[in-house]
4 protein chains.
Amino acid sequence: MTQRIGYLGPRGTFSEAALRAMSVSEGADLIPVGSVTEALAAVRSGELPMALVPIENSSEGQVSTTLDELAMGEPLCIVDEYAHPVQFALLVRPGTSLSDVRRVATHPAAEAQCRLWMHANLSGHTVIPATSTAGAAAALTDDAAFDAAIAPAIAAEYYGLEVLADDIGDSSRGTTRFVLVTQPGPPPAPSGSDKTSLVLFMRENHSGALLEILTELAVRGVNLTRIESRPTKRALGDYFFVVDAEGHVLDARLGEAMTGLHRVCSAIRYLGSYPRHDGAAPQTKAWTENTEFLAASEWLERVRATGVAE
Amino acid sequence: MTQRIGYLGPRGTFSEAALRAMSVSEGADLIPVGSVTEALAAVRSGELPMALVPIENSSEGQVSTTLDELAMGEPLCIVDEYAHPVQFALLVRPGTSLSDVRRVATHPAAEAQCRLWMHANLSGHTVIPATSTAGAAAALTDDAAFDAAIAPAIAAEYYGLEVLADDIGDSSRGTTRFVLVTQPGPPPAPSGSDKTSLVLFMRENHSGALLEILTELAVRGVNLTRIESRPTKRALGDYFFVVDAEGHVLDARLGEAMTGLHRVCSAIRYLGSYPRHDGAAPQTKAWTENTEFLAASEWLERVRATGVAE
Amino acid sequence: MTQRIGYLGPRGTFSEAALRAMSVSEGADLIPVGSVTEALAAVRSGELPMALVPIENSSEGQVSTTLDELAMGEPLCIVDEYAHPVQFALLVRPGTSLSDVRRVATHPAAEAQCRLWMHANLSGHTVIPATSTAGAAAALTDDAAFDAAIAPAIAAEYYGLEVLADDIGDSSRGTTRFVLVTQPGPPPAPSGSDKTSLVLFMRENHSGALLEILTELAVRGVNLTRIESRPTKRALGDYFFVVDAEGHVLDARLGEAMTGLHRVCSAIRYLGSYPRHDGAAPQTKAWTENTEFLAASEWLERVRATGVAE
Amino acid sequence: MTQRIGYLGPRGTFSEAALRAMSVSEGADLIPVGSVTEALAAVRSGELPMALVPIENSSEGQVSTTLDELAMGEPLCIVDEYAHPVQFALLVRPGTSLSDVRRVATHPAAEAQCRLWMHANLSGHTVIPATSTAGAAAALTDDAAFDAAIAPAIAAEYYGLEVLADDIGDSSRGTTRFVLVTQPGPPPAPSGSDKTSLVLFMRENHSGALLEILTELAVRGVNLTRIESRPTKRALGDYFFVVDAEGHVLDARLGEAMTGLHRVCSAIRYLGSYPRHDGAAPQTKAWTENTEFLAASEWLERVRATGVAE
């Protein structure tokens, strides 16, 4: 039976482009879903076994809906990630030339990233906000109230459009990171280059609490690749943190650090251990290998049972 | 001559409502500006002496444009802040009743916060995305392609609209924090309840660097009320931090902590010391009062000059 | 069969006075041994099941022989401790008056503590060094080359002497702490007010290593009541530490801290968990109770087995 | 006029041997003094301008009298240090052979270090305790009650003795470190390889206080080469610490660390900055050079005066 995988639609989004580049999509049915919230709801309900959603962008930063859903909705697990370059194109109906373009539809974030090119090449144009770049492309039918869309180039093939200009973003290095999400289940085996995502709620909102959390990780030699603060929506100044720790939940160092966080945080949520998109090995400190934790545990058991001193 | 103060327009925004509530606005000309970027540019150019822009929302989190502009644009200083409750209303042309409403325009973030009320009270409505809530209200003219706008109630008075329902947001505690920004200048005198905002760029992107930063602050007894990570836009995984530290740049403890951060960070930017909106006193640790720093400095000078031992 | 317990002799020492004050001595044969080294050797060989030796004095500090023997000799365990007040007396042969006293024998440390009294009450006296205070008393026979001994008052009864003046020490609060030592065995059950002694050898001799050790303890909320540095006798500047940690080896917080120390130290030796002489409860930090460690471990096991997120 | 320098006598001690090896002794009158306490009192009173006393031994550890005098007596400053190898010899009256030796006088610490050689080479000998090794040599006159003295070989020349066996200590690497002490005065110029000694009294006697102290040092990149705990003589369990920090009081990093210690300690005493005997360069961390502290201070002054942001 064919595997079905959701992604943040409509057809032609960067989510689709990223999903097509992942091996899990081979031979699978790729299903566009209207929003991150709906995609994750479909996974929770079992309608879809998994979905790919954006979580972070190198220019715009955190994708707050994804973070908030993963942190506060019904539990889900991340099982894989992928980093896809963000490359915008100016799409038009066949036959439109640059001088014809007056009104351009796109998502505000895309517009922000293409502003330099737009000012240089399209004087006096108006921007029409759209809920997504692919949505702008999809809406560029003959009777649209606008002449062009800023969208991924792959959207052109779905909607019968032409790429008038490609790679028009201000920064050539823009990248979006996507995560593949499923219902909670046992973690995949460690790959040697893994990341574990956690959501941490503080007992108290002060820097001491964050210092305490970082110390719990540092003492066991666990490095973070990322830390994001998000409001709890309870009050201004009340945050939680989403962190990506290097390593796998089955690693001794990360396991012990997680038990430390479990104690000092008011709540902790495990979001999954999964292979890193960049294949990098963790930066660890000396004397934190699994064998060293095991030797220490065995020594402690021996001391407790027999009083043997060293 | 009348003081001119910019704010994130158009007329009828929460920015205007917040500015009106601040004493600085008394007798001043309040000038709506089209975007955060434009408002800050007008302050930088000297066109406006100061401007009020949103920086944080208790539901949506960071206002990334404001953070990025303050962190990476030409230097500006925050001289005051204000926290304003976010309360959405459903505005209509006079005479429109709830059963007439089919299409509702608003900013996507406002739509997200009013979703529960909308689903309960308006079945089958369509949402029209707008670049701002006040903008949606402003566009609700007789020939608009929509029937209602979700916007601050004060927008009704500017645009000849009626408040069909007030306070329709999901969470009654939504608050936006705004900052009043000027060109850099000497800090105002300490009020006893101040906050200092700093932008910190790391030499290395790992949790050790963040732990080091927090330790520089903790050792001098400086608490943080907020820490936000933002991408540097250089590469995925390359962040900077915007922190709000309790205290004033003229405080000994914060001054010494800032010199420590200056050393360990690759770059640091001072964004201003200003009175806290909540009037709270700083949480400090023992032996970090100005008098204690002064006594320690005097002792050191004595030891260095005379070898006096204690 | 009668229990035999060794102590640092000869008869009449503070060790004997301390041992008599401990309940373990009731009905036991108390055996004086010539030196700390010999007393511990007798326990190691099985000749004596246990021995009481001094480990610390409130004026003189560490008893280096005891620390070095426990740290580097064949393993032994501390099973109890006792703190005994140090109170010196001037002992003489019956009939000797103060004006007859010209030459006074005692251990140099005792002489140091009684110097003020001696200068005030005995002008022009000569001090004869002895290897122990009780030894000086024992040697005060009719044909001794000295007229008085500074020693514990209880020595008078063994050696037929008179107490010419009692409590002649400079500081009225002098106290010696003694430890009762046996061959290694399973630790006694926790009493709620326990101490655990450890010997820690550093991988590197710098303050970073000591900071690392203290951090391993602090993160788990384990307080130290004492830390002593001792030379390893390998080279100047090469030290090990003897620490007394609050709590029992069976406590979760101390157990985990000990595994951390096992990893970061080049060597670690357990010297025993035993009831504190002062009956004080440990100073711990929040969220480090056994139940909290247990809950954290169970959560981790659940996450590892099922991916359950919180 | 000839410089007069005191040392721990009598003639023939290791202190004298060490002092002779230091350049300060060239052309100076070297004055033996009876004890560490007397030598330091002579410097305090002005009777002697400086004195050399032992402070640490690689086998025996701290010289507690020296530490206690420097920490709690009238203030003095260390201006230099020297590490001298400890090498014991068996000294006899001319004509005595090994088989004649029955009773051997020496200081108990020396006896402890020569025990292996003595057992191997002198069966059935008796040890006579002396207050110093050189004192034992000095007392080995024709009518002495003993036949040999364990003492430094140089004592032979003063007292007309013969070296029957040299280098009879158990460990060939024994070293004593001596410090040259004067009245307090301005520190000597930094040499690039300096050490600064400090006495630190805690506000509270727990490991948290020691962790706090080490953190104050570590944050400024100041390494310790040595930390010793000593009892305050007030109560059991009440300690102070004597630390040797790398660097000079005029170094920015050490100066700032000292002000931090001044704040967090209940009392602090400066014991001097002086060239290290081993000429080693300090181990420092990045971004703690004088130029970096200076740049940070200048930046802070600029921010405080003008609000300039970076």
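The model is predicted: local features need pLDDT of at least 70, side-chain atom pairs count only at pLDDT 80 or more, and totals for chains, interfaces and linings use all residues. Residues are numbered from 1 along each chain as its sequence is written, while chains are lettered from A and ligands numbered from 1 in the order in which they are written.

### The contact between chains B and D

Two residues are taken to be in contact if their C-beta atoms, placed from the backbone, lie within 7 Å. The contact takes 38 residues from chain D and 38 residues from chain B. On the side of chain D that touches chain B, at least two residues each come from helix H8 (207-219), helix H9 (252-264), strand E15 (267-275) and helix H10 (290-306) of chain D. Helices (H or I, at least four residues) and strands (E, at least two) are DSSP runs, numbered from the N terminus. H10(D) gives the largest share of this side, nine residues.

The composition of that side by class is tabulated below.

| Class | Residues of chain D on the side touching chain B |
|---|---|
| Nonpolar (Ala, Val, Leu, Ile, Met, Phe, Trp, Tyr, Cys and Pro) | 22 residues |
| Polar (the others, Gly among them) | ten residues |

### Chain pairs without contact

Chains B and C do not touch, and their nearest C-alpha atoms are 13 Å apart. Chains A and D are likewise joined by no contact, with their closest C-alpha atoms 13 Å apart.

### A sheet in chain A

Chain A holds an open sheet of four strands in the order E13-E14-E12-E15, with antiparallel pairing; two strands pair if DSSP finds at least two bridges between them. Strand E13 (224-231) and strand E15 (267-275) of chain A are the edge strands, each pairing on one side only. Within the sheet, seven bridges join strand E12 (residues 194-201) of chain A to the antiparallel strand E14 (residues 239-246) of chain A. A:Leu200 stands opposite A:Phe241 in E14(A).
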